[in-house]
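Subject: Structure handover

Hi,

Here is the structure for your files. My notes on it follow below.

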Amino acid sequence: MSEVTAPYEPGTPCWIDLMAPDQQAALDFYRDLFGWQGEIGSEEFGGYSVCTLRGKSVAGIMKSMSMGDQPPPPTVWTTYFASADADATQAAITANGGAVIAPVMDVGQIGRMLIAADPQGAVFGVWQPLEFPGAQIVNEPGALVWNQLSTTDPEAAGTFYQAALGLEAGPMPEMPEFTGLMVKGRVIGGVQGMENLPPGVPPHWLVNFAVDDTDSTVDALVRAGGSVMAPAFDMEKVGRMAVLQDPQGATFAVVALSAPAAP
């Protein structure tokens, strides 16, 4: 078990959530796939659902909604990075070439958030915790285990996230295809180029969930109406991974680790 009891260091991925056209269908799908529990929340927070594993928060799911005459946002998983000061982080994002999509807003008494895009176009969130710190379980089956950025310019991306979020970039000997992003020397995510991705795929952050068995998870996803983007494959020194898409089009990855992840 990997329960999070201490506050997240600024710059660390601390939360993930999904915007989906059919919120209840998404709740049902991830309940069956990962064993999550969750229900549509109160109107005060737009029906936002906090999904749990063993009674601990692991992810959010909300209904996607159009803003004015704008089309509904894409069905995607969003990675949120912890911040001690959302306003200062927003200023750093714009000062270093990023774009703010949804400016800093209060979420009741539980925290403050914003949504932004890096200079290459990858979208991410920022979370300043107040009463709600973020995911309470990570790095175990059914929970977040890894966040990876695919981008057209890994070096520029590393420079941006260092300036905007305080991350450090460095090599990852066990995964040489990635540049590691670190908080106080601890790797919290990776950056790779887009040479091996299909044409037309935009820069993006990919959420990875740990599972006990990648192949059985892929089978269950297909039976539930999901799609396989990259069939299960073995990554040396890491584990067995697959890139998947849920029935409403949100892409994510699953990995059965060859060794337990550090909490």
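Trp36 touches Tyr30, Arg31, Cys51, Thr52, Leu53, Val58, Ala59, Ile61, Trp77, Gly142 and Phe209, leaving aside residues up to four places away in sequence. Contact here means heavy atoms within 4.5 Å. This is a predicted model: local features need pLDDT of at least 70, side-chain atom pairs count only at pLDDT 80 or more, and totals for chains, interfaces and linings use all residues. Residues are numbered from 1 along each chain as its sequence is written, and side-chain values use heavy atoms, with hydrogens and water left out.

Trp36 sits in the loop between α1 (23-34) and β2 (49-53). Helices (H or I, at least four residues) and strands (E, at least two) are DSSP runs, numbered from the N terminus. Trp36 has a relative accessible area of 2%, so it is buried. The cut-offs: buried is under 20% relative accessible area, exposed is over 50%, partly exposed is in between (1.4 Å probe, protein chains only). The Trp36 side chain reaches the backbone oxygen of Gly142 at 2.7 Å.

Next, the cysteines. Cys14 counts as buried because its relative accessibility is 1%. Cys51 is at 2%, so it counts as buried.

Now helix α3. It has 12 residues (154-165), which at 1.5 Å a residue should span 16 Å; the end C-alpha atoms are 16 Å apart, in agreement. The expected span is 1.5 Å times one less than the number of residues. Which residues of α3 are buried? Ala157, Gly158, Phe160, Tyr161, Ala164 and Leu165. Seen down the axis of α3, they fall within an arc of 165°, so they line one face of the helix. That arc is taken over the directions from the helix axis to the C-beta atoms. On the other side of α3, Glu155 and Thr159 are exposed. Gly166 follows α3, with a positive phi near 80°.

Last, the whole chain. Its secondary structure comes to four helices and 15 strands. The radius of gyration is 17 Å, close to the 18 Å from the globule rule for 263 residues, so the chain is as compact as a globular protein of that length. That radius is taken over C-alpha atoms, and the rule is 2.2 Å times the number of residues to the power 0.38. Buried residues make up 49% of the 263.

Best wishes

Conventions. Polar contact = N/O pair within 3.5 Å; in protein donor to acceptor, adjacent residues only side chain to side chain.
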